[in-house]
Amino acid sequence: MRWLLTPLAFSRQVRRSLLLSLAAIALITSSFIGLFQQPSVAQTSAYCQLSDSDVAQKEQLRQLALQGDRTAQDQYKTLMGQHAQQLRDCRSRTWPQEQSLWVRLYPCDAQPGAMDLLMDEVVNKGYNRVYVEALYNGQILLPLASNTTAWPSVIRTPGYETTDLLAEAIAKGRERGLTVYAWVFTMNFGYTYGQRSDRQSALAYNGRGQTSLTARSQAGLNSEGGSGEEVFIDPYNMTAKQDFYAAVDAIAQRRPDGILFDYIRYPRGSGADSVADEVQDLWIYGSASQQTLLQRASNQRGQDLIRRFLAQGYLTNGDIDAVKSLHPQETEPLWQGRVPSASIATTPSDRLRPMLQQELWYLSVAHAMQGVIDFLAVGTLASDRYNLPGGAVFFPDGNQTVGRSGYDSRLQPWNRFPASLEWHPMSYATCGNSTCIANQVLRVVSQAPAGTQVKPVLAGLWGSSISNRPSLESQMQAIRQAAPRVNAISHFAYSWQEPNRDRDRKFCQLR
């Protein structure tokens, strides 16, 4: 479908305990005097993870520094710098040179010392990049006092109106030698957005009059582990574009090292609904999307047939005869990408109908996919204003055809994403070993234009398997063997590796 359209213009498992183990306490106690003389040189593992003793030493200093001990504050800062240098040195000689972790922040991360602890943990695990969620689940990581976007702030607790968690995460991460990207949901605007009475026209609708939220409640939508907080928008809607541009612009003003765009797609249905094989399955029934599709017609016959196809889901012989009578001055229906044929004027309607119906199906699919590409361009337009690198997060199988004329319902045309962006394929396949995961990465690498940075995303745990997924080490080694040019890997997510810590942070009450 590369014949279709140039992009539309846009006003351009184990939890690491916070309490020290008895062994670590004994170690610190025995060397307490030396602690304040000279921090030890950090030791790292094969994946640049710090040793337990180095982690314990730094955590002890952090706690003392938080209590106001000025000597400990100086020592903590010195040790942080040493660990940052140690991490740089280790990653420069260790594959992958870029190893990243996905992290969600919560209100209680605004408590004194909390962000220091979180970013220390990232470094301790051997990561030199961190992807911080900045727009997710219908909320945005901006201070309440200066948030003019369409989303509520993550922190809404009185007394914290000016707290800027995103800016703090960027600063604390860089202080430790980390590269910090902001991670934003793109076409999934979240439940709170979907509840706004003034934004109902911005939502994506299918041919059954459903939004992604109502479709989920009625038929059980499944968006790869998502939840009822997912609400997808019509990518052709101008209000949705303006809202998203404003959000990305506000995030970009915090000057992260880059911005990652996630949910660049439509929702995925479960079971048979995971395949789109008729036009009513497509999320193109919002008023803006329908109007844009009608404008793809090159003449009145073409527009009339598009309108009938959308309304009915099919054409009849009577439809074809009717548009001939209504527009006798035109010889055949035309729309973008359609090549005129001299013989069509004399072709009987019963022979013409299946051909035109198939063409309109492919036009509708291409139109849906073009909306995804155009909406991604809205986000990159905002990030480009600040010269920030961008990345596209996607499922390697999200652009596949199914059967003779069906498509994966996510309609995620990642093979047409700009090569100037980093490509982050979420390689989450499960088959009991790492082969299927490596194959997903190979599929992306084989289709990526020359020079594209492919940075696979893996789900799992260090040192053990989970949910039929091999350990992260096993997955990484399989990718290294299958695609040796790949030199950047990220792990989803902190919450998987530290579920107890993440739960405590999530349900903590900020006071």
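Modeller: A salt bridge is a side-chain nitrogen of Lys or Arg within 4 Å of a carboxyl oxygen of Asp or Glu. By that criterion, a search of the whole structure, which is a predicted model, finds 28 salt bridges.

Biologist: What makes Asp243 and Arg199 a salt bridge?

Modeller: The closest N and O atoms of Asp243 and Arg199 are 2.7 Å apart, and the cut-off is 4 Å, so the pair qualifies.

Biologist: Why is Thr239 called partly exposed?

Modeller: Buried requires under 20% relative accessible area and exposed requires over 50%. Thr239 has 30% relative accessibility, and therefore counts as partly exposed.

Biologist: Is Gln210 buried or exposed, and how do you know?

Modeller: Gln210 has 14% relative accessibility, and the limit for buried is under 20%, so Gln210 counts as buried. Gln210 lies in the loop between α7 (191-194) and α8 (212-219).

Biologist: How many disulfides does the structure hold, and what makes Cys48 and Cys90 one of them?

Modeller: The structure holds three disulfides. The sulfur atoms of Cys48 and Cys90 are 2.1 Å apart; the criterion is within 2.5 Å, so this pair is a disulfide. The pair links distant parts of the chain, 42 residues apart: Cys48 is in the loop between α2 (32-35) and α3 (52-66), and Cys90 is in helix α4 (residues 70-93). Cys48 counts as buried at 1% relative accessibility, as does Cys90 at 3%.

Biologist: Why is the disulfide of Cys108 and Cys508 called left-handed?

Modeller: The torsion about its S-S bond is about -75°, so the disulfide of Cys108 and Cys508 is left-handed. The sulfur atoms of Cys108 and Cys508 are 2.0 Å apart. Cys108 lies in the loop between β1 (98-103) and α5 (114-124) and Cys508 in the segment after α17 (499-507), so the pair ties together parts that are 400 residues apart in sequence. Cys108 is buried, with a relative accessible area of 4%, whereas Cys508 counts as partly exposed at 25%.

Biologist: What is the torsion in the link of Cys431 and Cys436?

Modeller: The torsion is about -95°, so the disulfide of Cys431 and Cys436 is left-handed. Their S to S distance is 2.2 Å. Cys431 is partly exposed at 36%, while Cys436 is buried at 15%.

Biologist: What makes Asp502 and Arg505 a salt bridge?

Modeller: The closest N and O atoms of Asp502 and Arg505 are 3.1 Å apart; the limit is 4 Å, so this pair also meets the criterion. Asp502 and Arg505 both lie in helix α17, three residues apart, about one turn of the helix. Asp502 counts as buried at 9% relative accessibility, and Arg505 is buried with a relative accessible area of 5%.

Biologist: Where are the partners Arg308 and Asp319 located?

Modeller: Arg308 is in helix α11 (residues 300-312) and Asp319 in helix α12 (residues 317-326), 11 residues apart. Their side chains meet in a salt bridge at 3.0 Å, N to O. Arg308 is partly exposed, with a relative accessible area of 22%, whereas Asp319 counts as buried at 5%.

Terms used
Residues are numbered from 1 along each chain as its sequence is written. This is a predicted model: local features need pLDDT of at least 70, side-chain atom pairs count only at pLDDT 80 or more; totals for chains, interfaces and linings use all residues. Side-chain values use heavy atoms; hydrogens and water are left out. Buried means under 20% relative accessible area, exposed over 50%, partly exposed in between (1.4 Å probe, protein chains only). Helices (H or I, at least four residues) and strands (E, at least two) are DSSP runs, numbered from the N terminus.
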